[in-house]
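Colleague: Could you walk me through how to read burial, contacts and helix packing in a model like this one?

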Amino acid sequence: MNADQREQVRSNAKYLRRVRPIDPDEIYEYVDGQPHPAAVAQVLRESAVDLGLLERDDGTFEPVEAGALSVSFHGVDAFPVEYGRVLEDRLVAEYGPGWPDGDSGDRLRERIRSFKADYFEQRAVAYDAETALAYGLYHLPDYYAVAQYALADLAGEGLLPTHLRVLDVGAGVGGPALGLHDLVPEDALVDYHAVEPSAAGDVLEALLGETGRNFHHAVHRETAEAFDPGALASEFGDDSDSEGEHDDTDDGDAGFDLILFSNVLSELDDPESVVERYAEALAEDGTIVGLAPADRNTATGLREVERSVADRGPLTIYGPDVRLWPGETPADDCWSFEVKPDIEVPVFQRRLDDGEPGESRLDGPERRDGEFENTDVQYAYTYLRRDGSRRVDFTPDDSRVARLAKSEDLVTERANVYLAKLSRDLSDDGHPLFRVGDGSQQVDHFAVLTDESMLNSDLLTAEYGDVLSIENALVLWNDDEGAVNLVIDGETVVDRVPV
């Protein structure tokens, strides 16, 4: 189909979308030369993102309704089998059906051990084809689950639109992409762009082939530093109809609604500068999501990036590491992360874990049972915004409550505070213990529940990131940890602050 015919298809679609579903079997009659309806459908499919069109099961197209995404999410039990088959197909193509056994299985297991050690020692990892496959075997399922939890949280607060423009920086083998795909409902239109220069992009592209008709995707094989997000965002200008009227399916804001940095910030030489540059391509009401594994190095590294870009602006922290006091900056260690239920062991991980070693590895490193099964869903995250909004948007009254920045002056006294719950229970079968912060703390702060009652039970039931009002907490200094303990006892009242 030539350029004139393609434009005729688009013009007809712009007119008809105001009236009724757009049917290729109808439009072709109004195009010069009357091209086959299948060719018309292909043009509509390629133009769907620009025109804001959803493709329906019956082959017709209709405008995506404006508004916020509404998702039905109840957690992640398992990694979808169909995605696992795609990964195993690539393993079989590379090594044969016996890929978990012999030399190939040994090499894959050694690659997993190697990149885990590299991450722990904060060394750079080079992603050749074999490392990409090993990475997919070990991390694809948990990264899939993490993305669903983090993005469902945003969607639940109305922060993701039905016409969703996404930039996934350092997309890897595709865990976040697949998690996003399976989270969004059928009435959403997704324009997904991945930035991934390594061999992991080959696995990513194969897995993206399993996504649905309204999940439009492109993979840009460039580094995060080299890629120009602004050039791509500038293509998102509003689309007008044939009479020059504004297209009400497009919000006209040239920027991404969601920019995702999943498990990549620790691999960048200057992550703060990269985040700030990408923020220029963020829609005014968009969100940057940073995700990192829960280990100390990467989790605290994420907080360092978060705090640095927030201090310099224009990004502000939406959550979970709230800043309740204007002008205050936290300086604690803040090894803070979320914990969700484990997922089932994927078949391909069990096969690798049970694989028979090759003859050259019979006397190799001793393997632990379950060493190559990765079912934990534990992650650090941050949400950054340009519009200044915060999950809990209020400033406490200095005359009624204390800042945690001043808590060391209140040791042995009782105080009222507002703070966010920033951990699961950290105790080892002792009194429940939680990391907390209000954005002003200069040392680590923990809330210790010594006497549970109906008045303070919100400390136990609150979710990670929830902001709490605490009245009459006893402030003590913990010499062993070099931290402040806020003792929550029978005289303390704890209430969750509504979002």
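Colleague: Is aspartate 202 buried, partly exposed or exposed?

Modeller: Buried means under 20% relative accessible area and exposed over 50%, with partly exposed in between (1.4 Å probe, protein chains only). Aspartate 202 has 33% relative accessibility, so it counts as partly exposed. Keep in mind that this is a predicted model, where local features need pLDDT of at least 70, side-chain atom pairs count only at pLDDT 80 or more, and totals for chains, interfaces and linings use all residues. Residues are numbered from 1 along each chain as its sequence is written, and side-chain values use heavy atoms, with hydrogens and water left out.

Colleague: Where is aspartate 202 found, and which residues is it in contact with, leaving aside neighbours within four places in sequence?

Modeller: Aspartate 202 sits in helix α9; helices (H or I, at least four residues) and strands (E, at least two) are DSSP runs, numbered from the N terminus. Contact means heavy atoms within 4.5 Å. With neighbours within four places in sequence set aside, aspartate 202 touches Arg90 and Arg221.

Colleague: How do I read the packing of α5 and α9?

Modeller: Axes are lines fitted to C-alpha atoms, for helices over the stretch in contact, and angles run from 0 to 180 degrees between N-to-C directions. Under 35 degrees counts as roughly parallel, over 145 as roughly antiparallel, 65 to 115 as roughly perpendicular, and the rest as oblique. Helix α5 (residues 81-95) and helix α9 (residues 200-208) have axes 10 Å apart, at an angle of about 135°, which means α5 is oblique to α9. The contact brings Tyr83, Val86, Leu87 and Arg90 of α5 against Asp202, Val203, Ala206 and Leu207 of α9. By class, the residues of this α5 contact with α9 are six nonpolar, no polar and two charged (Ala, Val, Leu, Ile, Met, Phe, Trp, Tyr, Cys and Pro count as nonpolar, Asp, Glu, Lys and Arg as charged, and the others, Gly among them, as polar).

Colleague: And at what angle do α6 and α7 cross?

Modeller: Helix α6 (residues 102-120) and helix α7 (residues 129-156) cross at roughly 80°, and their axes come within 9 Å. That makes α6 roughly perpendicular to α7. The residues of the contact of α6 with α7 comprise nine nonpolar, two polar and four charged.

Colleague: What about the handedness of α7 passing α13?

Modeller: A crossing is left-handed if the near helix is turned anticlockwise from the far one by less than a right angle, and right-handed if clockwise. α7 passes α13 in a left-handed crossing, whereas α5 passes α9 in a right-handed one.

Colleague: Which residues of helix α3 are buried?

Modeller: An α-helix has 3.6 residues a turn, so residues three or four places apart point the same way. In helix α3 (residues 37-46), the buried ones are Pro37, Val40, Ala41, Val43 and Leu44. They cover an arc of only 160° around the axis, so they lie on the same side of α3; the arc is that of the directions from the helix axis to the C-beta atoms. Their cover includes α1 (3-16), α2 (24-27), α4 (48-51), β1 (53-55) and β2 (61-63).

Colleague: Last one: where does aspartate 321 lie, and is it buried or exposed?

Modeller: Aspartate 321 lies in the loop between β8 (316-319) and β9 (338-340). Its relative accessibility is 2%, so aspartate 321 counts as buried. Leaving aside neighbours within four places in sequence, aspartate 321 has contacts including Arg303, Arg307 and Cys334.
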